[in-house]
Amino acid sequence: MGTPHGGAPEPRQFYAIGETFVGREPERSVISEHVQQAVSGVPWLIVVEGEPGIGKTSLVRRALDDHEDVAIWSASGAASEQDLSFGVLDQLLRHADRNALAQQTLISGGLPAGAATMAVGMELVEFLAAEAEKQPLVLVIDDVQWVDDESLTALALVLRRMWTERILLLVTARVRGDPSEEGAHSDWARLTRGAAHVKVLRLSGLSAADVHDLAQASGTALSSAAAWRLWMHTAGHPLYVRALLADVTAMALADTSVALPVPASLAEAVQQQLSHLPRESRDLLEALAVLNRRVPLALAGTLSGVGNAAEALEPALAAGLVQWSPTEPATPVVIGHALFREAIYACTAAGRRKALHGAATLLVDENEGWLHRVAAADHIDPVLVAELENEAARRADVSPARAATLLLWASSLADSRPEHDRLMLTAVAHLELAGLHDRSLALHQAVRDCEPSPLRQAILGSIAMRFCRGEEAEHLLAEAVRTTSERSTRLVISAWLSLYRFLWGDRQSEATSLLRRVLAEQPTESRARTYAWYYLALLEGGGPDGPRAGAVVLEEVLPALCSQVRGQEGILLAPRGMLRGMAGDLQEGISDLVEAIRREPAGEMNGEEAVQHAYLSLLQMLAGKWKDAAISADQARALAGATEQIYPTVLAPAVAAAVAAAQGRWAASEGYCAECAQRAERTPPGATGFTLAARAAFAQAKGDYDAMAAALEPISNVPASSRRLWLSWWSPLLVEALIATSRLPQAEAELEELAAAATTNRALVIAERWLSAALAAARGQLELARGVYEEGLALPVDSDSFIPLHRSQLEHGYAQLLLRCKDTRLGVQHLRSALDSFSVLGAVPFAQRVREDLDAISHHPALNAHVIGNDVQVLSERERSVSNLAAEGCTNREIAMKLFISTKTVEYHLSRVYTKLEITSRRQLRDLLSRSLP
């Protein structure tokens with residue numbers, strides 16, 4: 001090694017600040033925790049594993065940058081220096097204090113190749129322990145798989161001897177078995193066997209949200225849908241994401257009609273690997289790239305034409321380009337990464353690709369064969385176009401996304417401009433109708449390039465409606481309805497126009513008449529007709545007779561039991577569920593929505609699923625199922641963010657805000673309210689009511705009735721149809737606020753509307769009695785108020801149409817009236833009962849106000865046995881969601897699927913929950929949550 005150490009230690013920072021870094025919050029927290037433990041005298045070894053480019057080094061750098069209280073000594077392994085004895089150890093020691101190091105016998109200068117490793121290790125133990133006494137020490141080794149044998153042995157000895165030293169060893173390692181690691185140490189993991197405390201972090205790709213943030217930080221503004229597509233394409237691999245952000249424009253990233261390319265750096269690397277493979281191995285890989293899925297090895301061999309598929313597979317396996325499952329009966333094989341596949345496909349000669357696609361049509365099923373037939377076509381083919389259109393028509397009602405794909409393929413093979421435009425517009429209409437707006441929006445320019453036609457105008461009107469360009473949407477849609485003569489097209493356009501008039505113009509009667517007239521002209525069952533019924537039910541639900549009338553509309557087309565609903569009628573379960581719930585049949589509504597979600601195809605990111613979860617969260621909140629409501633709202637927010645839907649983007653955070661406020665989680669509620677308000681700026685007037693209700697719910701939980709009344713003052717500006725549709729939520733809030741702020745005439749007028757709704761809405765009956773009694777009490781009519789309260793308390797608690805918060809508020813109001821009437825004994829009895837019901841519900845601030853009432857009665861002190869807001873209040877939002885699902889018996893994988901997060905994130909949050917709550921098992925978690933939250 002040669003030269004002795006000299007001069008001052010290198011600067012503490014071991015990387016250049018300024019690189020863009022996003023995400024990895026759980027992993028950063030884990031590293032930070034273990035640094036703190038090392039600082040307190042518990043030494044640790046942390047191994048950060050992952051494939052090349054996944055962000056191991058960036059994570060370590062950023063995590064340690066937060067710790068100014070430790071000394072960082074860094075080194076890195078390199079393939080070219082693997083045979084250099086003590087090379088990595090020498091790099092580490094170059095950070096040491098020169099004077100202290102000079103006192104050592106063996107490690108004071110450049111370590112010679114012949115030095116006794118054991119002796120070096122023993123001296124290193126003593127030296128590092130002494131240095132760590134001065135300042136906690138973090139030793140960082142990048143690419144540990146390249147560390148020389150001597151350094152590994154010495155470090156392993158150090159790890160075996162560390163007990164109370166303030167030392168953390170943090171190493172990064174490429175995934176074992178990585179094809180690029182030929183010649184690397186396979187036994188570096190002996191470090192983990194020697195350490196008393198070991199933590200292994202295995203990095204996977206970034207989340208979709210992280211990819212969005214990375215693009216933003218890199219100067220590329222992407223929509224949620226475009227970020228989602230980039231995430232799916234790269235599996236969140238940071239290196240690939242960065243490469244594509246550098247290679248591709250934001251417009252191209254958002255255009256789902258154009259395939260994303262392979263990053264140039266990766267394509268070059270794959271090409272280099274292919275050039276070193278035997279011809280038969282390349283042939284096999286080309287066949288797998290064309291098949292583009294996991295297939296039996298025999299099938300891939302047949303398509304590729306190689307003589308011995310197993311023999312041809314071996315070099316591809318050694319290169320790390322494929323995954324093989326030899327223990328399964330068909331020994332299936334697949335290219336290991338989607339980007340590897342695309343790079344191999346791009347390297348395949350055009351003629352060879354077409355020949356392979358043509359041959360593949362004889363080896364795959366009919367559905368898969370369509371793609372291969374289109375890819376094999378090398379000329380205009382009217383016959384294939386006709387077959388594709390027929391297949392699209394057959395699939396349109398069941399899978400509009402697939403129908404659209406088939407039609408887009410057909411348009412690329414059309415023999416005339418009018419034919420191309422017709423097929424293109426029909427495809428986009430399927431996407432719009434099914435709520436697949438991210439795909440249709442990417443084709444916006446292609447639609448504009450088509451020749452004018454009613455369908456073109458209608459699609460442009462639908463897109464304008466989504467972007468709140470009201471006058472443009474009205475003009476385009478109305479013109480399209482007027483000029484179209486084709487009945488099915490008229491139905492689609494009329495449905496969109498009716499929805500517009502309902503959402504923006506509050507022209508409920510006009511929109512309803514239009515839809516009913518067109519439905520009468522359309523005897524043929526179709527997906528368009530189903531959606532027409534969907535919109536008609538919403539229109540009627542916003543009419544004078546309220547949600548019950550909308551639910552009755554769907555009785556014409558749906559059986560009463562959701563389990564008996566068949567086929568595409570399942571689309572109508574969501575509106576029926578919402579309308580049933582808002583009409584007071586909460587459990588029936590919840591059942592419909594749960595069934596609708598169950599039927600939604602897994603993995604299809606369309607707007608319908610976001611709507612279903614948003615509706616469900618609202619009904620669960622009203623029904624007092626606040627844990628479930630918070631989870632459903634979180635799911636709706638995630639889905640709506642990816643599909644850019646209208647109502648879910650506002651309704652979901654509004655529900656989340658109301659639930660968080662009712663539980664006393666003020667910061668979370670304020671955050672949701674802010675999100676809701678931000679979203680409402682880009683939504684139709686009818687959706688603004690959700691923002692108002694969320695703010696009012698926050699003020700209600702705070703006991704700030706002036707703020708509550710102020711929040712709901714603009715409710716009169718919300719279209720009447722929307723007010724009627726969501727009256728079950730906002731109306732009791734408004735009446736309560738008006739009474740509490742002594743605006744009694746206005747309260748009486750609003751209460752009359754609520755009472756009228758309660759004649760057909762069982763869920764509002766208790767609220768009507770509670771608020772009528774409160775209004776009488778506010779006017780000094782105490783005996784009348786007492787009688788009305790008692791009527792409310794005598795009402796049967798119907799679990800199918802019962803809003804528990806209203807029932808608890810009624811009892812609290814009755815108790816306060818009794819105390820006002822000097823009936824202290826009975827008043828205290830009902831205060832205790834209200835306290836119990838609020839506590840069971842998890843309504844922390846409401847229960848606290850009851851306790852304050854009890855405390856105010858000197859001879860009836862508050863009952864200390866009532867625990868309000870126990871330890872579970874320390875949990876974060878995500879920890880609460882994970883805990884609730886874990887307590888219900890969900891596995892980590894099931895939790896990850898429900899919350900759209902990784903399994904690793906679930907594991908991290910559960911470990912944090914166990915630590916915070918001082919528990920060690922899911923059984924304890926379930927018991928604790930059952931006593932504290934609904």
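Buried means under 20% relative accessible area, exposed means over 50%, and partly exposed lies in between (1.4 Å probe, protein chains only). Keep that scale at hand for the tour. The model is predicted, so local features need pLDDT of at least 70 and side-chain atom pairs count only at pLDDT 80 or more, while totals for chains, interfaces and linings use all residues. Residues are numbered from 1 along each chain as its sequence is written, and side-chain values use heavy atoms, with hydrogens and water left out.

**Stop 1: a glutamine in helix 24**

Select glutamine 457, which lies in helix 24 (residues 454-466). Helices here are DSSP runs (H or I, at least four residues), numbered from the N terminus. Is glutamine 457 buried or exposed? Its relative accessibility is 18%, so glutamine 457 counts as buried. Now show its surroundings: leaving aside neighbours within four places in sequence, glutamine 457 is in contact with Leu476 and Ala480. Contact means heavy atoms within 4.5 Å.

**Stop 2: salt bridges**

Side chains of opposite charge can pair when their charged atoms come close. A salt bridge is a side-chain nitrogen of Lys or Arg within 4 Å of a carboxyl oxygen of Asp or Glu. By this rule the model has 33 salt bridges; here are some to visit.

Start with arginine 352 and glutamate 286, whose side chains meet at 2.9 Å, N to O. Arginine 352 sits in helix 17 (residues 350-360) and glutamate 286 in helix 13 (residues 279-291), so this pair links distant parts of the chain, 66 residues apart. Arginine 352 is partly exposed at 26% relative accessibility, whereas glutamate 286 is buried at 12%.

Next, pick arginine 373 and glutamate 387, which form a salt bridge at 2.7 Å, N to O. Arginine 373 is in helix 18 (residues 366-376) and glutamate 387 in helix 19 (residues 382-395), so the bridge ties together parts 14 residues apart in sequence. Arginine 373 is partly exposed, with a relative accessible area of 32%, and glutamate 387 is partly exposed at 30%.

**Stop 3: helix 28 against helix 30**

Colour helix 28 (residues 527-541) and helix 30 (residues 573-582), whose axes come within 9 Å and cross at roughly 15°. Axes are lines fitted to C-alpha atoms, for helices over the stretch in contact, and angles run from 0 to 180 degrees between N-to-C directions. How are the two helices oriented to each other? They are roughly parallel, a term for angles under 35 degrees. To see the contact, select Tyr534, Ala537, Leu538 and Gly541 of helix 28 with Ala574, Pro575, Met578 and Leu579 of helix 30. These residues divide into 7 nonpolar, 1 polar and no charged. Nonpolar covers Ala, Val, Leu, Ile, Met, Phe, Trp, Tyr, Cys and Pro; charged covers Asp, Glu, Lys and Arg; the others, Gly among them, are polar.

**Stop 4: helix 29 against helix 30**

Pro547, Gly550, Ala551 and Leu554 of helix 29 make the contact with Pro575, Arg576, Leu579, Arg580 and Met582 of helix 30. The contact residues divide into 6 nonpolar, 1 polar and 2 charged.

Terms used:
Angles under 35 degrees count as roughly parallel, over 145 as roughly antiparallel, 65 to 115 as roughly perpendicular and the rest as oblique.
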